[in-house]
Amino acid sequence: MNFETDIERKTFEKVRDYVDELIDEPYLDEETGHFYGRYGSTVLEVGVEPYGPAEAVVRITAYCAQGVEVDDSLLEGLLGLNHSLPVGAFSLVGSDVFFAHTLFGRTLQPRNFLGAVAAVATVADEYDDRIVAEYGGETALDRIDSTGDPKRRRVKAAADLLPSR
């Protein structure tokens with residue numbers, strides 16, 4: 001992995017330690033430097049990115065639902081939730097719904113990271129089944145459970161869940 005700044009590297013090292021303690025059997029994508037794993041009943045992606053020359057950000061993303069039917073009521077509902085939730089925001093990439101929250105890396109502490117991971121996972125878990133029931137598609141865990149044998153499931157699922165770029 002190549003880091004653009006020293007603070008990005010230092011933040012990545014902190015996040016790697018936190019992820020190893022917090023997430024069972026995390027998967028590290030060596031190409032992107034992002035971690036993937038289950039937390040409770042959701043799938044999380046944790047990535048570190050530079051934010052200017054003197055800062056880095058840690059983005060914690062939950063995969064809520066994939067392959068939903070996108071319509072105005074879904075969009076209005078997600079925007080309304082974004083307005084009312086105290087942390088994080090829903091996003092839509094194609095027909096996939098995500099929930100994410102971003103933290104600054106320079107001052108990142110284990111307690112803040114744990115709180116953000118728990119908040120993201122809790123919100124995603126609260127809404128993923130509701131979204132699928134109303135707009136179709138499948139939850140991230142349903143997608144993982146339907147892919148490959150158990151030994152390769154985690155790696156394949158992480159790659160399959162990535163939105164097309």
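This is a predicted model: local features need pLDDT of at least 70, side-chain atom pairs count only at pLDDT 80 or more; totals for chains, interfaces and linings use all residues.
Reader: What share of the residues is buried?

Author: Buried means under 20% relative accessible area. Of the 165 residues in the chain, 42% are buried.

Reader: Now the fold. How many helices and strands are there?

Author: The chain has five helices and seven strands. Read from the N terminus, the order is α-β-β-β-β-α-β-β-α-β-α-α.

Reader: What do the contacts say about sequence separation?

Author: Take contacts between residues at least 6 apart in sequence. Of these, 61% join residues at least 24 apart.

Reader: How do I read a pair of packed helices?

Author: Two packed helices are described by the angle between their axes and the distance between the axes. Start with α2, residues 72-84, and α3, residues 110-135. Their axes come within 11 Å and cross at roughly 160°.

Reader: Which way do α2 and α3 run relative to each other, and why?

Author: Angles over 145 degrees count as roughly antiparallel. Therefore α2 and α3 are roughly antiparallel to each other. Their crossing is right-handed.

Reader: Which residues of α2 and α3 meet?

Author: From α2 come Ser73, Leu74, Leu78 and Leu81. From α3 come Tyr127, Ile131 and Tyr135. The residues of this contact divide into six nonpolar, one polar and no charged.

Reader: At what angle do α1 and α3 pack?

Author: Helix α1 covers residues 6-22. It packs on α3 at an angle of about 55°, with the axes 11 Å apart. That angle makes α1 oblique to α3. The crossing of α1 and α3 is right-handed.

Reader: Which residues of α1 and α3 meet?

Author: Val15, Tyr18, Val19 and Leu22 in α1 meet Pro110, Phe113, Leu114 and Val117 in α3. The contact residues divide into eight nonpolar, no polar and no charged.

Reader: Let me try single residues. Where does leucine 28 lie?

Author: Leucine 28 sits in strand β1, residues 27-29. Its relative accessible area is 22%, so leucine 28 is partly exposed. The cut-off for buried is under 20%.

Reader: Which residues is leucine 28 in contact with, leaving aside neighbours within four places in sequence?

Author: Leucine 28 contacts Met1, Phe12, Gly33, His34 and Phe35. For a C-alpha distance, take leucine 28 and valine 46. They are 18 residues apart in sequence and 9.5 Å apart in space.

Reader: And arginine 38: which strand is that in?

Author: Arginine 38 belongs to strand β2, residues 34-39. Its relative accessibility is 39%, so arginine 38 counts as partly exposed.

Reader: What does arginine 38 touch, not counting residues up to four places away in sequence?

Author: Arginine 38 touches Ile23, Asp24, Leu141, Ile144 and Asp145. Arginine 38 and tyrosine 27 are eleven residues apart in sequence. From C-alpha to C-alpha, that pair is 9.7 Å apart in space.

Reader: Is glutamate 25 buried or exposed?

Author: Exposed means over 50% relative accessible area. Glutamate 25 has 56%, so glutamate 25 is exposed.

Terms used: Residues are numbered from 1 along each chain as its sequence is written. Side-chain values use heavy atoms; hydrogens and water are left out. Axes are lines fitted to C-alpha atoms, for helices over the stretch in contact, and angles run from 0 to 180 degrees between N-to-C directions. Helices (H or I, at least four residues) and strands (E, at least two) are DSSP runs, numbered from the N terminus. Angles under 35 degrees count as roughly parallel, over 145 as roughly antiparallel, 65 to 115 as roughly perpendicular and the rest as oblique. A crossing is left-handed if the near helix is turned anticlockwise from the far one by less than a right angle, and right-handed if clockwise. Contact means heavy atoms within 4.5 Å. Ala, Val, Leu, Ile, Met, Phe, Trp, Tyr, Cys and Pro count as nonpolar, Asp, Glu, Lys and Arg as charged, and the others, Gly among them, as polar. Buried means under 20% relative accessible area, exposed over 50%, partly exposed in between (1.4 Å probe, protein chains only).
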